[in-house]
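Dear colleague,

Please find below the structure that I am handing over to you. My findings follow it.

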Amino acid sequence: MNGWNRKDLLGLEDLSREEIELILESATSFKEISTRTVKKVPTLRGKTIVLFFFEPSTRTRSSFELAAKRLSADTLSIATSSSSIVKGETLKDTLKNIEAMQVDIIIIRHSSSGTAKMLSECVAPSVINAGDGCHEHPTQGLLDIFTIKEKKGKVEGLNVSIIGDIAHSRVARSNIWGLKKLGAEVTVCGPRTLIPQDIEKMGVRVTTDLTQALKGADVLNILRIQRERQKAILFPSLREYAICFGVTREKLNRFAKKDILILHPGPMNRGVEITPDVADGEYSVILEQVTNGIAVRMAVLYLVAQAGGVEEQSILEE
Amino acid sequence: MGLLIKNGRLIDAKNNIDQKCDILIETDKIAEIGDNLSANNTEIFDANGLTVVPGLIDMHVHLREPGFEYKETIYSGTQAAARGGFTSLCCMPNTNPVADNPGVIEFILSQNKKAAFVNLFPIGAVSKGLKGEELSEIADLKSSAVVALSDDGNPIENPELMRRAMEYAAMFDLPIISHCEDRQLSAGGVMHEGYISTRLGLKGIPRTSEIVVVARDIEIARFTNSRLHIAHISCKESVELIRKAKSIGLKVSCECCPHHFTLTQEALINYDTNTKVNPPLRTQEDIAALKDGLKDGTIDCIATDHAPHAEEDKDVEFDSAPFGIIGLETALGLVVSELVDKGIISWKQLVEKMSLNPSNILGLSRGSLEKGAVADITIIDPKQEWTVRKEELVSKSKNSPFIGRRLRGKAVLTVVSGRIVYKA
């Protein structure tokens with residue numbers, strides 16, 4: 001497979017349209033593996049992948065772990081509470097130690113933006129960003145785009161609205177970069193207090209009116225709203241948030257296109273940013289996103305491992 | 001034994017002199033200024049092609065001693081100052097213990113006496129322990145020779161404390177140096193709030209967090225008829241507020257830092273923690289306003305806010321890294337390259353902002369080259385091009401965003417009280 005020579009995947013901002021398309025194409029091939037009775041190929045046999053999660057995660061971590069295991073890699077999971085960070089070791093030193101154990105890929109999630117990049121510059125193994133602060137969550141962006149493409153047949157020319165806490169969302173940023181590169185029109189919508197400064201310079205339309213975000217949209221990506229933001233004086237209550245920005249069946253019926261696609265990166269607050277009848281309704285592809293996440297992560301692991309020196313072989317070899 | 005500086009271009013803003021002449025130094029004073037001076041048994045320095053100015057004064061540095069000697073010591077910091085062309089420094093009180101009492105001030109002065117590079121004029125804490133609760137013993141601090149008061153780094157949140165500090169300090173003719181920042185507005189912020197912070201997903205420090213406190217402190221200075229010096233301004237609106245305050249005769253002065261008129265938020269794009277400063281690097285528009293302020297005299301002084309941090313402090317996640325960069329060894333080169341060479345300010349204005357004005361604001365009796373004055377002199381090669389190199393920096397910490405940068409203008413000789421403390 002040609003066209004990929006990145007050791008790391010840090011964000012979608014860095015990628016070209018061709019690189020994104022290559023990941024999506026590879027993911028299509030990998031998706032089939034998870035439907036087999038024996039869900040395993042030897043592609044990354046003998047490779048060691050470390051999952052280093054400094055923030056709680058169920059979905060992303062299990063998804064990466066399963067992706068690695070289905071490619072026959074050995075995995076090691078480290079969580080903050082059990083790491084040396086609590087003993088005062090710096091993150092960099094911890095990573096240098098992991099590197100000394102001769103691992104091939106490090107998947108990292110951290111609450112501080114820029115951490116994946118910082119670490120990629122100081123260790124030899126591939127680094128995959130599984131979410132850094134409010135910066136990027138590239139594999140989530142990729143799986144969202146993969147799902148959109150699978151359902152709509154294309155990305156170019158689609159109107160995608162991202163609803164919610166844009167300011168604190170790495171999912172929003174990765175979606176914006178990826179979708180814009182593939183030619184979609186992106187609108188962000190949320191309370192003014194959760195729209196970050198100058199975001200329109202990223203090439204998106206901004207609105208604080210949910211109706212405007214619903215009208216003409218082919219896809220809605222609804223972000224999780226965190227209760228903590230209320231304490232930070234960013235909005236008055238979850239109740240009022242739900243009234244103004246919650247996506248309900250009634251609002252969809254009134255303003256949205258009939259073939260609208262509903263995405264949510266999870267975990268959902270049912271009844272706040274999304275009502276159960278929407279989450280579980282016919283427009284929703286929320287669980288398919290999760291299924292696709294494994295395929296996309298298999299593709300990413302395969303590509304970075306190859307750039308990091310895995311011999312080329314058929315990805316579907318059993 | 002003295003020192004005779006021959007044929008230099010002498011610039012003295014106080015006496016409005018800009019001409020080629022000789023300076024004779026005897027013991028620690030300037031003995032003579034004139035043409036074709038000669039003297040016996042005297043070291044001669046040929047300053048042909050060089051610029052001779054009153055010793056540079058940096059009124060805002062952090063020397064980290066006592067308490068954080070692994071970042072900088074009074075020895076290493078004052079040595080860096082001498083190399084950068086500075087003959088006097090004013091050090092901020094955020095040491096451990098805090099410089100809020102004569103004991104710490106005396107310790108600092110005695111360490112500097114041993115280092116013996118440059119003059120050190122300590123700034124005392126406004127509040128005990130920099131806690132922003134009770135006033136330090138200001139009369140006591142004054143008697144131990146502090147030249148100003150500041151809670152720099154821990155901005156004074158309580159306006160009542162600021163009011164009382166200004167009133168009380170006025171009895172001793174001590175200016176209050178205010179780090180203007182509303183910590184509620186800037187809470188959690190690590191860089192300028194704008195497009196780049198949005199892109200990087202970093203929490204922003206909104207410009208208004210500086211502006212509201214500049215406005216507040218100007219009003220308190222007006223109300224108390226006291227002296228206020230505003231530290232390291234970074235925003236266009238701060239320049240405007242100070243310009244207006246000066247125009248109605250308030251006793252307000254201010255400084256800005258070389259990094260604030262040189263770099264913008266764009267410098268943070270790679271999450272380099274050596275671009276993490278407080279106040280943060282802002283926008284081109286702000287740089288333009290700072291330059292206007294420097295040009296028209298709204299901004300009185302250029303100070304470095306030299307803030308050394310060890311590599312292990314800075315080499316961490318961006319959010320966890322401390323604010324601050326070093327500046328003593330790059331300030332002059334940046335001022336010459338970015339301001340003088342580009343025609344923003346004249347050499348005379350450089351002398352005002354880096355020597356005469358800080359001296360006047362703090363009462364240091366320096367800042368000019370005249371017969372009988374203390375022989376604090378900086379000789380600059382205005383045309384020398386050089387590259388900032390990490391391994392050449394003598395500051396103990398190397399946290400500079402300017403490493404690798406090409407600059408023009410460099411100190412070649414630094415003289416403090418008639419004694420050569422640095423020679424290139």
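**Helix crossing in chain B**

Helix 4 of chain B passes helix 6 of chain B in a right-handed crossing. Please bear in mind that the model is a predicted one. The two axes, that of helix 4 (residues 159-170) of chain B and that of helix 6 (residues 208-224) of chain B, come within 10 Å and cross at roughly 45°.

On the side of helix 4 of chain B, the contact is made by B:Pro159, B:Met162, B:Arg163, B:Met166, B:Glu167 and B:Ala170. Their counterparts in helix 6 of chain B are B:Arg216, B:Asp217, B:Ile220, B:Ala221 and B:Thr224. By class, the residues of this contact comprise six nonpolar, one polar and four charged.

**Domains of chain A**

In chain A, the domain assignment gives domain 1 (17-136 + 292-307) and domain 2 (138-289). A distance of 26 Å separates the C-alpha centres of domain 1 and domain 2 of chain A. Where the two domains of chain A meet, 19 residues of domain 1 are in contact with 19 residues of domain 2.

On the side of domain 1 of chain A that touches domain 2 of chain A, at least two residues each come from helix 1 (17-31), strand 4 (126-132) and helix 12 (286-307) of chain A. The residues of that side of domain 1 of chain A are eight nonpolar, six polar and five charged.

With kind regards

Conventions:
Residues numbered from 1 in each chain as written. Chains lettered and ligands numbered in written order. Predicted model: local features only at pLDDT ≥ 70, side-chain atom pairs only at ≥ 80, totals over all residues. Domains from an automatic or database assignment. Contact = placed C-beta atoms within 7 Å. Helix = DSSP H or I, 4+ residues; strand = E, 2+ residues; numbered from the N terminus. Nonpolar A, V, L, I, M, F, W, Y, C, P; charged D, E, K, R; others polar. Axes fitted to C-alpha atoms, helices over the stretch in contact; angles between N-to-C directions. Left-handed = near helix turned anticlockwise from the far one by under 90°.
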